[in-house]
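Take a look at this one with me and let's check the labels against the numbers.

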Amino acid sequence: MKIVLVEDDEKISSFIAKGFKELGYVIQVFDNGEDAYYFLMNENYDIAIIDIMLPKLNGFELIQKLREKANKTPIIVLSAKNATDDKVKGLELGADDYLTKPFVFSELLSRINAIYRRVNNIKETVLQYADLSLDILTREVIKDGKKIELQKKEYSLLEYLMRNAGRIVTKTMILESIWGYDFDPQTNVVDVLIHRLRKKIDDPFDIKLIHTVHGVGYVLKEK
């Protein structure tokens, strides 16, 4: 999942960013509404976490401008402004949820996952393909009845491949999804990560699922 965080309190933004990075999420942080607005209008991210009291462009103004431009990025407001009127205003301007500070990271994570499932019409919490399953809530991966331990990036790559099962994904698509927009297109990190994932998902089993499409990218499918 790719997240934009708009928060001018460095202590809070560092805490949130650290939590999501530990889960393998891509997170882009901005300390003002103006920079976040231009970024969100030009980049495709899964969700935005927006504070209200921001410099240059406050959170309410940011949400309003995004929605006026038909930007449909899901938004959760994270603010110390806890008055009912503020919550109502944020939701009426187009936010999908409103969480007040102080907050618990696990609740923020749960709300973001709930919005992601709703927006993407994900009714099942377990992705299944052939003899491979991935639980997006517990992050448990099972192949042919055996539990597979994956590192953060390996998990993110597998989830991306499973969500695109049967479709060819290019290296650029994988880079953009897992590492975000700020990457070196000449890097070989995708090849290295694919190799590591194959050693765990394919090599020990009869059914091979990760296949190279030479000159194009990769595809998850049975052969």
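Q: Which strand holds Ile-3, and what makes Ile-3 count as buried or exposed?
A: In this predicted model, Ile-3 is found in strand β1, residues 2-6. Its relative accessible area is 0%, and buried means under 20%, so Ile-3 is buried.

Q: Which residues is Ile-3 in contact with, leaving aside its neighbours within four places in sequence?
A: The list is Phe-20, Tyr-25, Val-26, Ile-27, Gln-28, Tyr-45, Ile-47, Ile-49 and Ile-112. Take Tyr-25 from that list: Ile-3 and Tyr-25 are 22 residues apart along the chain, and their C-alpha atoms are separated by 7.4 Å.

Q: Why is the pair of Phe-15 and Phe-105 called edge-to-face?
A: Ring centres have to lie within 6.5 Å to pair, and planes over 60 degrees apart count as edge-to-face. Phe-15 and Phe-105 sit 6.1 Å centre to centre with 80° between the planes, so they pass on both counts. By this rule the model has seven aromatic pairs.

Q: How do you know that this pair links distant parts of the chain?
A: Phe-15 is in helix α1 (residues 10-22) and Phe-105 is in helix α5 (residues 105-119), 90 residues apart. Both rings also belong to one aromatic cluster, formed by Phe-15, Phe-20, Tyr-25, Phe-103 and Phe-105.

Q: What labels do Phe-15 and Phe-105 get for accessibility, and why?
A: Phe-105 has a relative accessible area of 16%, which is under the 20% cut-off, so Phe-105 is buried. Phe-15 is at 44% relative accessibility, between the 20% and 50% limits, so Phe-15 counts as partly exposed.

Q: What makes Lys-65 count as sitting over the ring of Tyr-37?
A: The distance part goes like this: the charge has to be within 6 Å of the ring centre, and the charged end of Lys-65 is 4.2 Å from the centre of the Tyr-37 ring. There's an angle test too, within 35 degrees of the ring normal. Lys-2 likewise lies over the face of Tyr-45, at 4.8 Å from the ring centre.

Q: How many domains is the protein chain divided into, and where do they run?
A: There are two: domain 1 covers 2-120 and domain 2 covers 126-220. Taken over C-alpha atoms, their centres are 28 Å apart. The contact takes 14 residues from domain 1 and 13 residues from domain 2.

Q: How much area do domain 1 and domain 2 bury between them?
A: About 980 Å², with 49% of it on carbon and sulfur atoms. On the domain 1 side, Lys-2, Gly-24 and Val-26 lose the most area to domain 2, together 35% of what that side buries.

Q: What is the count of salt bridges between domain 1 and domain 2?
A: The count is zero.

Q: Why does Leu-175 count as buried?
A: Leu-175 is at 3% relative accessibility, under the 20% limit, so the label is buried. Leu-175 lies in helix α7, residues 171-178, where Ile-174, Ser-177 and Ile-178 are among the buried residues too.

Q: What do the buried residues of α7 pack against?
A: Their partners are β1, β2 (26-30), α6 (152-163), β10 (169-170), α8 (189-201) and β12 (217-220). Just after α7, Gly-180 takes a positive phi of about 90°.

Note on methods. Residues numbered from 1 in each chain as written. Predicted model: local features only at pLDDT ≥ 70, side-chain atom pairs only at ≥ 80, totals over all residues. Heavy atoms only, no water. Phe/Tyr/Trp six-rings, centres within 6.5 Å; stacked < 30°, edge-to-face > 60°. Helix = DSSP H or I, 4+ residues; strand = E, 2+ residues; numbered from the N terminus. Buried < 20%, exposed > 50% of the residue type's maximum accessible area, 1.4 Å probe, protein only. Domains from an automatic or database assignment. Contact = heavy atoms within 4.5 Å. Buried area = accessible area lost by both parts, 1.4 Å probe. Salt bridge = Lys/Arg side-chain N within 4 Å of Asp/Glu carboxyl O.
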